[in-house]
Amino acid sequence: MRIDGRTVLVTGASSGIGASTAKRFAERGATRIVLVARTKEKLDALAAEIGDRARTVALDCGDREAVARAARAIEEEMGVPDIVVNCAGAGHAYFFEQTPPEELERMMAAPFFAAAYVTRAFLPGMLARKSGCVCNVGSPMAYTAWPGAAGYATARWALRGLTEALRSELRGTGVRIVSVVPTTVDSGYFEHNPGFEKTIPGIAKLTGTLEPDQVAKAIVHAVERGKREVFVPFRLRLLVAQSRLFPRVSEYFVARTGLKREPKAVVPDAPAKPGAAP
Ligand SMILES: NC(=O)c1ccc[n+]([C@@H]2O[C@H](COP(=O)([O-])OP(=O)(O)OC[C@H]3O[C@@H](n4cnc5c(N)ncnc54)[C@H](OP(=O)(O)O)[C@@H]3O)[C@@H](O)[C@H]2O)c1
């Protein structure tokens with residue numbers, strides 16, 4: 001899909017991958033860029049950088065009714081977006097038995113429900129127009145889960161499930177589903193979700209660390225070329241393929257190089273600090 005002349009909506013645009021992606025789409029000639037996240041000040045600052053083509057919508061994408069209201073207002077003002085990038089996401093790291101239930105719900109709210117509600121709101125318009133592109137930003141955790149972040153992994157698997165279900169349902173409709181899966185990114189994520197970094201297993205070092213702009217570039221390229229599923233960097237695809245062919249080998253290395261639990265310290269329902277090994 002060509003980018004120039006298009007309306008692009010990016011969720012999670014106040015930081016990291018989403019903010020860089022919005023800027024990249026602006027550079028590629030998008031006519032309108034709708035910046036969505038909860039923090040208005042950050043969105044306004046990015047909009048000032050992008051210029052007149054940017055609109056900001058301060059919104060909790062995990063709030064179903066708020067998304068529906070905002071989507072109606074966006075459609076009235078500028079029509080159905082041509083491209084939607086679902087990048088809003090958060091999630092602390094806990095071993096499953098230590099995850100506060102409300103935290104589980106928050107993790108499902110963004111990225112999973114956020115992507116589901118936003119896509120659900122604009123899909124009928126895209127289908128009626130017989131064109132559009134939805135790009136979901138996924139995580140390697142949706143291919144091989146690692147210890148210490150069960151809620152995070154579950155939410156990313158849910159997002160991957162939605163992506164695959166939509167791909168199969170939208171075949172032949174003119175609406176394209178694109179998935180971009182980056183390895184570790186030096187975004188604001190680890191500052192916004194303290195403790196998460198220490199769950200990343202040593203084996204992940206094989207794929208290095210990316211800057212948000214490298215992912216943004218891959219997202220824009222994937223949308224332009226209508227790619228199905230892109231792993232960044234490419235060697236992440238090789239690791240994922242390896243884990244599909246030899247799951248036990250991947251599980252072994254993830255366990256060897258990942259966060260360890262000390263069974264004696266497990267206390268049911270005890271509140272835990274995010275990312276803390278019990
Ligand atoms: N960083 C990595 O290593 C990495 C690797 C692979 C995949 N990912 C995934 O990529 C996505 C973006 O991560 P990032 O690295 O760009 O992190 P980030 O810098 O923390 O950005 C997350 C963005 O999501 C927004 N957001 C969170 N909850 C929201 C909600 N309920 N409603 C609306 N916006 C919400 C945040 O804005 P507000 O707080 O202003 O709402 C922010 O703009 C996440 O799903 C993450 O899991 C990250």
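In the predicted model examined here, the residues lining the second largest pocket comprise 4 nonpolar, 2 polar and 4 charged residues. The space within the second largest pocket amounts to about 200 Å³. Its lining consists of Leu166, Arg167, Ser168, Leu170, Arg171, Gly172, Val175, Arg176, Ile177 and Arg228. Two elements of secondary structure, helix H5 (150-169) and strand S6 (175-182), each contribute at least two residues to this lining.

Arg228, one of the lining residues of the second largest pocket, also takes part in a salt bridge with glutamate 229, in which the closest N and O atoms are 3.6 Å apart. The two partners were assigned to separate classes of accessibility. Arginine 228 has a relative accessibility of 44% and is therefore partly exposed, since that class lies between 20% and 50%. Glutamate 229, by contrast, counts as buried because its relative accessibility of 9% is under 20%.

Arginine 160 and glutamate 164 both belong to helix H5 and are separated by 4 residues, about one turn of the helix. The closest N and O atoms of this salt bridge are 3.6 Å apart. Glutamate 164 has a relative accessibility of 33% and so counts as partly exposed.

Across the whole structure, the search identified 13 salt bridges. Among them is the pairing of the side chains of arginine 2 and aspartate 4, with an N to O distance of 2.8 Å. Arginine 2 is classed as exposed because its relative accessibility, 57%, is over 50%. Aspartate 4, at 38% relative accessibility, is classed as partly exposed. Salt bridges also link Arg6, Asp82 and Arg129 in a network.

A nonpolar patch was also identified on the surface. Leu245, Phe246, Val249, Tyr252 and Phe253 make up this patch, and together they have about 510 Å² of accessible area. Helix H9 (residues 247-257) provides the largest share of the nonpolar patch, namely 3 residues. Phenylalanine 253 is located in helix H9.

Conventions
Residues are numbered from 1 along each chain as its sequence is written. This is a predicted model: local features need pLDDT of at least 70, side-chain atom pairs count only at pLDDT 80 or more; totals for chains, interfaces and linings use all residues. Side-chain values use heavy atoms; hydrogens and water are left out. On a 1 Å grid over the protein atoms alone, a cavity is a set of points where a 1.4 Å probe fits but cannot get out, and a pocket is an open set with protein on both sides within 12 Å along at least five of seven lines; lining residues have an atom within 4 Å of a point. Grid points are joined across faces, edges and corners, and a volume is the space filled by probe spheres set on the points. Ala, Val, Leu, Ile, Met, Phe, Trp, Tyr, Cys and Pro count as nonpolar, Asp, Glu, Lys and Arg as charged, and the others, Gly among them, as polar. Patches are made of residues with over 30% relative accessible area and no salt bridge: like charges are joined within 9 Å, nonpolar side chains (Val, Leu, Ile, Met, Phe, Trp, Tyr) within 5 Å. Accessible areas come from the Shrake-Rupley method with a 1.4 Å probe; for residues, only the protein chains shown count as cover. A salt bridge is a side-chain nitrogen of Lys or Arg within 4 Å of a carboxyl oxygen of Asp or Glu. Buried means under 20% relative accessible area, exposed over 50%, partly exposed in between (1.4 Å probe, protein chains only).
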